[in-house]
Amino acid sequence: MPNLSLKALSASLGLTLLSLPVLSQTLHLDPDKKYQVMHSFGASDCWSMQMVGKYYPENKREKIAEWLFSKATDAEGNPKGIGLSMWRFNIGAGSTEQGKESKITNEWRRAESFITKDGYDWNKQQGQRWFLDAAKRYGVNYTLGFLNSAPVSMTKNGLAIASGKLGDWNFDKTKIDDFSRFLADVSEKLRFDYISPFNEPQWDWGPKSSSGFGSQEGTPIQNADLAWAVRKLDGELKKRNIKTKISVAETAQIDYLYGDKTNRSEQGQDRQIEAFFDTKSPDYLGNLSTLEPAISGHSYFTTSPVSQLNGKREQLAQKLKTHQVSYWQSEYCILGDNAGEINGGKMDLGMKTALYVAKVIHADLTVANASAWHWWLSVSANDYKDGLIYVAKDGKLGENEANKFDGEVMDSKLMWALGNYSRFISPGMERIEAKSEDNEVLVSAFRSKTEVVTVVINPSDKEKKMTIPQVFKRQKAAVYVTSASASLKKGVIKGKSFVIPPASVLTLVLN
């Protein structure tokens with residue numbers, strides 16, 4: 001007899017195959033076992049917002065803003081947006097004004113500067129300012145300004161790209177007071193809650209070819225120089241009583257946060273938790289009143305395979321615990337081939353990317369105990385897995401002249417899956433103990449005084465079912481599902497259980 005499936009074999013024998021009911025698994029929550037206090041979920045305005053916010057029709061800008069920032073629901077109770085609680089604004093160095101002389105090939109990767117020869121021009125960065133204002137209009141909890149390079153008038157080479165030498169800070173140190181005043185002025189004018197002066201200091205940020213051109217603004221910096229500059233900025237903020245907090249260190253990979261024998265040891269660019277938060281360190285910053293008591297790092301190149309995803313975060317969590325410092329995962333998108341699990345190339349609006357990123361978020365929150373989690377590009381024009389939202393002209397992607405002024409605006413399942421976290425886990429909630437009897441399912445839970453939010457990831461091709469736990473004496477329950485057929489859609493609960501569709505991310509809200 002040929003090999004037949006159970007269904008086909010039953011049919012050939014004239015039998016009726018009865019489907020067995022999905023058994024309900026128990027979801028265990030312990031509200032009294034608490035971990036980190038949550039700060040924010042966010043995304044950045046690099047680089048497309050300078051184009052989209054300035055040139056795109058207003059109705060398309062408003063749709064993007066609604067998707068990213070709204071906490072409202074439609075008539076059926078479905079969220080209209082993912083309710084981000086942090087918006088990251090790229091403070092430009094002035095490469096746009098330099099044009100091709102900036103040595104940055106792509107116009108989209110250049111950025112304007114508020115600094116002019118005569119002082120400041122606060123009409124610069126109009127496209128980004130539009131979305132910053134939209135974030136505040138929607139009630140986003142926090143805003144952060146970050147730099148890839150100091151203004152070109154303050155760099156050693158007069159450019160926003162560096163020399164290409166590891167650890168070589170592209171900055172004229174005689175202008176540190178000007179730099180501190182600039183950061184304070186921008187923070188005060190734009191009313192940022194946080195300022196992040198340095199981004200991914202471990203990379204060289206130099207020319208990428210013999211032509212001398214680079215890919216974007218950026219500069220490396222060593223721990224000692226970073227600490228010196230932050231102390232100077234701290235003094236300026238305190239002198240002027242500006243409430244903006246300083247955020248460090250936007251580390252390029254989480255290895256550089258805890259590792260002490262890495263490929264950046266000779267440049268003095270690793271073990272950054274110890275460098276900035278150990279009282280015995282010459283680069284100690286933990287006593288600065290304007291410093292946010294958290295260190296930030298990026299999850300790039302550490303997410304595959306699962307052994308590395310969890311193992312590196314366990315090491316990070318131990319070092320954070322030793323020095324009693326919080327952790328922000330402040331930038332991530334899918335880069336590289338990730339041990340063959342998923343490739344960063346090619347846009348994907350579907351669930352494959354959404355589920356992969358959801359598992360990264362889960363590990364960052366539950367293993368590394370991250371209190372903040374921020375995505376990289378909020379809007380992308382690239383044929384790459386780097387955007388929550390995509391823009392394309394006549395179906396064609398690319399950071400080009402055609403997409404610069406108008407294009408189709410497309411949401412992604414990734415955006416809505418991030419919303420399974422960002423829309424419901426509010427700043428100040430505490431992560432609590434959560435366990436599932438089903439090893440295929442990943443669960444995490446968060447609580448306030450009146451609400452418990454549980455996020456469930458089902459990467460399998462099987463439907464799952466869970467019993468609703470009794471957390472409050474009298475409680476209401478609601479579920480919101482992101483799957484191939486649903487985008488953060490409010491589900492139906494019948495009885496004391498809820499269904500988790502195959503290949504989905506689900507949020508259970510108890511209040």
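Helix 10 and helix 11 cross in a right-handed manner, meaning that the near helix is turned clockwise from the far one by less than a right angle. This is a predicted model, in which local features need pLDDT of at least 70, side-chain atom pairs count only at pLDDT 80 or more, and totals for chains, interfaces and linings use all residues. Residues are numbered from 1 along each chain as its sequence is written, and side-chain values use heavy atoms, without hydrogens and water.

**Helix pair**
- The axes of helix 10 (residues 306-323) and helix 11 (residues 351-366) come within 9 Å and cross at roughly 25°.
- The two helices are therefore roughly parallel (angles under 35 degrees).
- Contact (heavy atoms within 4.5 Å) involves Leu-309, Asn-310 and Arg-313 of helix 10, and Lys-359, Val-360, Ala-363 and Asp-364 of helix 11.

- Beyond its neighbours within four places in sequence, Phe-69 contacts Gly-83, Leu-84, Trp-87, Phe-131, Ala-134, Ala-135, Tyr-138 and Val-140.

**Ser-444**
- Ser-444 lies in strand 15 (residues 442-447) (strands are DSSP E runs of at least two residues; helices are H or I runs of at least four).
- Ser-444 counts as buried because its relative accessibility is 2% (buried means under 20% relative accessible area, with a 1.4 Å probe and protein chains only).
- Sequence neighbours within four places aside, Ser-444 contacts His-362, Thr-366, Tyr-421, Ala-434, Val-453, Thr-454 and Val-455.

Notes: Axes fitted to C-alpha atoms, helices over the stretch in contact; angles between N-to-C directions. Parallel < 35°, antiparallel > 145°, perpendicular 65-115°, else oblique. Buried < 20%, exposed > 50% of the residue type's maximum accessible area, 1.4 Å probe, protein only.
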